[in-house]
Amino acid sequence: MSEHLNIVDHNQLFRQDKYVRQREGKRAFEAPCSPEEVTSTLEYTKTTEYKDKNFARTAVVVNPAKACQPLGAVMAALGFEKTLPFIHGSQGCTAYFRSHLARHFKEPVPAVSTSMTEDAAVFGGMRNLIDGMENCIALYKPEMIAVCTTCMAEVIGDDLSAFLGNARQEGALPEDMPVPFANTPSFSGSHITGYDAMLRSVLETLYNKSGRTPQPGHELKLNVLLGFEGYTGNFAEMRRILELFGVPYTILGDHSSNFDSGATGEYSYYYGGTPLEDVPKAADAAGTLAIQQHSLRKTLGYIKRTWGQQLSSISTPLGIRATDRLLEEISRLSGIEIPEALKQERARILDAMMDSHAYLHGQRVAMAGDPDMLIGLIGFCLELGMEPVHIVCSNGDRKFEKEAELLLKSSPYGAEATVHCGQDLWHMRSLLFEDPVDLAIGSSHLKFAAKEANIPLLRVGFPIFDRHHLHRYPIIGYQGALNLLTQFVNTILDVMEEQAPDHSFDLVR
């Protein structure tokens with residue numbers, strides 16, 4: 001009979017006497033402020049006076065709702081078959097990118113680093129890059145290596161183009177191996193600009209290597225770009241929609257298999273991804289459809305200039321109207337009518353929205369996230385009769401702000417909304433205390449402000465660290481709208497159940 005293992009969760013573990021005494025000893029050693037001072041300061045941070053000071057700050061960022069460029073570049077690289085992300089920078093930065101993605105997707109993330117340290121910071125990282133290229137080819141046998149940079153390499157001015165040329169001259173890098181690269185300093189942009197820079201470089205590198213001349217419209221085929229996509233389920237939903245249309249397609253940058261591989265007992269560095277030979281052929285497609293227009297600007301600009309085909313770009317299609325537009329654009333680019341099966345799906349989600357309308361109408365909402373996701377969320381909330389109030393977009397710009405404000409003005413439910421571009425989640429905290437809402441929507445990083453303000457958090461976006469498997473469920477399309485609606489209404493009902501007195505603890509809602 002095996003001995004029972006009593007594995008204590010940290011919720012209980014750190015309540016044990018020895019850890020309580022340890023914390024008390026540490027607190028005494030640090031000579032902290034008194035509990036009264038801590039409480040009074042905390043209460044002050046919830047005031048309008050503090051909120052005004054908070055919004056006046058310019059020299060510090062606190063908990064921004066974004067990640068850095070190289071993280072996005074790693075995701076873009078993993079969207080292609082047998083491609084190894086190669087990070088020119090420190091080992092610690094690479095560990096951050098890998099752990100960040102692994103904690104969201106619950107999957108291992110292959111990536112290598114040039115492991116730059118003090119000597120490379122002084123003398124340059126060329127030797128690290130050349131040796132790293134030779135080692136990763138020998139060990140991991142990639143068919144393409146996608147190189148991006150971190151702050152260290154950018155600050156000292158390392159020249160990737162020259163370094164890669166020297167690597168080829170030394171024989172560390174085969175002449176015929178494609179090596180797209182992107183300069184992705186973490187001190188500018190965000191994960192979506194890093195994704196865009198790497199995706200553009202991949203398309204350009206593979207297309208130039210092929211020596212082809214574009215023949216747009218030569219094939220009745222669509223190129224589809226999902227962008228920096230934290231939901232593997234959205235790839236499956238997009239494929240399903242396109243297959244219902246019966247239109248041939250190529251997803252340019254399909255990282256879904258790398259972030260959703262099965263447990264077969266064997267590990268591989270590479271799972272799926274867009275075949276490399278499909279990229280040059282994409283220049284002959286009838287058109288390109290992008291569903292994250294704000295995160296794909298460089299890539300779409302390259303396709304327009306170089307391939308000269310029809311382009312359609314929209315923001316993340318959440319809800320009814322946005323999905324209608326998605327299907328209309330697929331129909332326009334392909335020349336195929338919208339399938340009856342999708343029209344029936346639309347009718348079902350409309351029926352579901354009416355079923356839940358009484359609980360969602362008038363609910364005031366705060367949200368934070370990436371530009372395309374926020375446009376989708378704003379639109380869906382307005383359709384449900386919910387009222388967006390505080391909208392924080394740390395990596396948004398004036399173009400996003402104008403689009404969001406125009407969308408909000410299109411409905412009476414957007415009348416109270418304010419869009420805060422370039423602000424962070426500490427700004428959001430002040431907003432939640434000054435003007436409370438019924439529901440917060442955003443990534444796991446928003447949970448701290450939401451908990452302090454006693455507001456339920458609906459986890460949507462990237463990253464989601466503290467809940468499992470949400471990324472496997474699509475949120476785009478009509479089916480995705482049903483999934484989001486289910487999360488919305490059941491979150492509200494959970495709160496009602498928690499707050500219900502005995503006489504209103506109802507069996508039926």
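**Notes on the parallel sheet and its helices**

1. Helix H12 (residues 232-245) lies across S5 and S6, running at about 170° to S6. Contact here means heavy atoms within 4.5 Å. Axes are lines fitted to C-alpha atoms, for helices over the stretch in contact, with angles from 0 to 180 degrees between N-to-C directions. Helices (H or I, at least four residues) and strands (E, at least two) are DSSP runs, numbered from the N terminus.

2. A word on the source: this is a predicted model, where local features need pLDDT of at least 70, side-chain atom pairs count only at pLDDT 80 or more, and totals for chains, interfaces and linings use all residues. Residues are numbered from 1 along each chain as its sequence is written, and side-chain values use heavy atoms, with hydrogens and water left out.

3. Now the sheet. Four strands form an open sheet in the order S6-S5-S7-S8, with parallel pairing (two strands pair if DSSP finds at least two bridges between them). Strand S6 (249-251) and S8 are the edges; each has a single partner strand, so one side of each lacks a neighbour in the sheet. On average, neighbouring strands are turned by 20° against each other, direction ignored.

4. Strand S5 (residues 219-225) pairs with S6 in the parallel sense over three bridges. Val-224 has Ile-251 in S6 as its bridge partner.

5. Strands S7 (residues 285-290) and S8 (residues 310-313) are joined in the parallel sense by four bridges, and Ala-290 stands opposite Ser-313 in S8.

6. Helix H15 (residues 319-334) lies across S5, S7 and S8, at about 175° to S8.
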